[in-house]
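Have the sequence and the 3D view open as you read.

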Amino acid sequence: KKVIFDSHEDVSEDIMIKDWIPSYFRKLISIIYNEFEKYICKKLDFVISATPYISNKFRDKGIISIDIKNYPIKENFIFQKTNWNEKKDEICYVGEISKERGIIELIESLENLSNIRLNLVGNFSDSNLKKRCMNMKGWSKVNELGFLSEKEINKVFNNSKLGIATLHPTKTYLPSIPVKIFEYMAAGLPIICSNFDFWNELIFRNYKCAVQVNPLSSLEIADAVEHLIYNENDCKKMIKEGTRAIKETFNWKIEEKKLYDIYNSLK
């Protein structure tokens with residue numbers, strides 16, 4: 001049998017930020033998982049990872065690995081279907097909802113914004129976090145939409161003016177490549193995201209389609225939202241840049257050839 005392991009997360013690092021694991025167990029569980037993963041993966045034919053950072057960690061352990069980035073299929077998106085002037089003053093977040101993905105600061109930012117609402121799509125990582133968010137002042141400006149189908153998510157994109165991806169600067173997220181950023185770009189949305197150097201080097205140095213902020217500062221997030229919501233010309237330039245980025249670089253056509261080459265090499 002030919003066996004390929006598809007690794008989208010740095011699991012040993014991810015374990016260290018899981019609130020549902022007692023803090024005094026996390027280090028031990030992380031070490032045990034890391035050794036188990038190393039032992040198993042050395043027996044496999046190939047490891048495919050979602051980022052260069054994860055691939056390099058496998059290669060450092062003597063494991064054959066390559067990164068294939070989870071870029072969107074551009075044909076799935078029709079760029080900017082809704083006229084800007086027809087949109088409400090709404091922003092959106094799509095994905096797993098957790099403390100480390102910036103939900104607390106995002107809701108806090110709403111307290112400093114008037115007449116701007118958040119379309120929140122996804123499930124909370126735990127019920128206690130949801131209760132905490134619902135007790136926050138900014139929650140009154142949240143449209144909680146829960147888990148949605150792809151078609152329903154595209155509708156949210158079309159009704160929103162901005163996409164938010166303010167992940168915290170953890171060891172897991174600093175070298176990550178969140179697919180939501182590329183989905184926002186493909187859907188024709190300007191982006192407000194974390195000011196990570198890796199994201200700037202990979203994307204925003206060449207494509208000016210985002211405002212990068214300190215994800216731990218709700219005031220900085222609020223300022224960026226307010227600036228873009230009320231500056232149509234800046235947003236239209238960013239939409240054009242994001243669309244160009246998806247068509248030129250960040251789409252699945254470029255990555256799928258690498259995947260086919262791996263499978264063909266293992267026949």
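Let's start with the sheet: it is open, has 6 strands in the order β6-β5-β4-β7-β8-β9, and its pairing is parallel. Strands here are DSSP runs of E with at least two residues, helices are runs of H or I with at least four residues, and both are numbered from the N terminus. Two strands pair if DSSP finds at least two bridges between them. At the edges sit β6 (142-146) and β9 (210-213), each pairing on one side only. From one strand to the next, the twist averages 25°.

Before going further, a word on what you're looking at. This is a predicted model, where local features need pLDDT of at least 70 and side-chain atom pairs count only at pLDDT 80 or more, while totals for chains, interfaces and linings use all residues. Residues are numbered from 1 along each chain as its sequence is written, and side-chain values use heavy atoms, leaving out hydrogens and water.

Now zoom in on one pair of strands. β4 (residues 90-94) and β7 (residues 162-165) run parallel and are joined by 2 bridges. Across this pair, Cys 92 stands opposite Gly 163 in β7. Helix α7 (residues 179-186) packs on the sheet, touching β4, β7 and β8 (191-194), and its direction makes about 170° with that of β7. Contact means heavy atoms within 4.5 Å; axes are lines fitted to C-alpha atoms (for helices, over the stretch in contact), with angles from 0 to 180 degrees between N-to-C directions.

What else does α7 pack with? Helix α10 (residues 232-248) packs with α7 at an angle of about 115°, their axes 8 Å apart. The two helices are therefore roughly perpendicular, a label for angles of 65 to 115 degrees. In this contact, Phe 182, Met 185 and Ala 186 of α7 meet Gly 242, Thr 243, Ala 245 and Ile 246 of α10.

Next, is helix α4 (residues 103-110) enclosed or open? It is largely enclosed by the rest of the structure, because 7 of its 8 residues are buried, meaning under 20% relative accessible area with a 1.4 Å probe, protein chains only. Among the buried ones are Ile 103, Glu 105 and Leu 110. Their cover includes β4, β5 (117-121), α5 (127-134), β6, β7 and α9 (218-229).

Finally, look at the loop between β7 and α7, where you'll find Thr 166. Thr 166 counts as buried because its relative accessibility is 1%. Leaving aside neighbours within four places in sequence, Thr 166 has contacts including Arg 101, Gly 102, Cys 193 and Val 213.

Methods: Angles under 35 degrees count as roughly parallel, over 145 as roughly antiparallel, 65 to 115 as roughly perpendicular and the rest as oblique. Buried means under 20% relative accessible area, exposed over 50%, partly exposed in between (1.4 Å probe, protein chains only).
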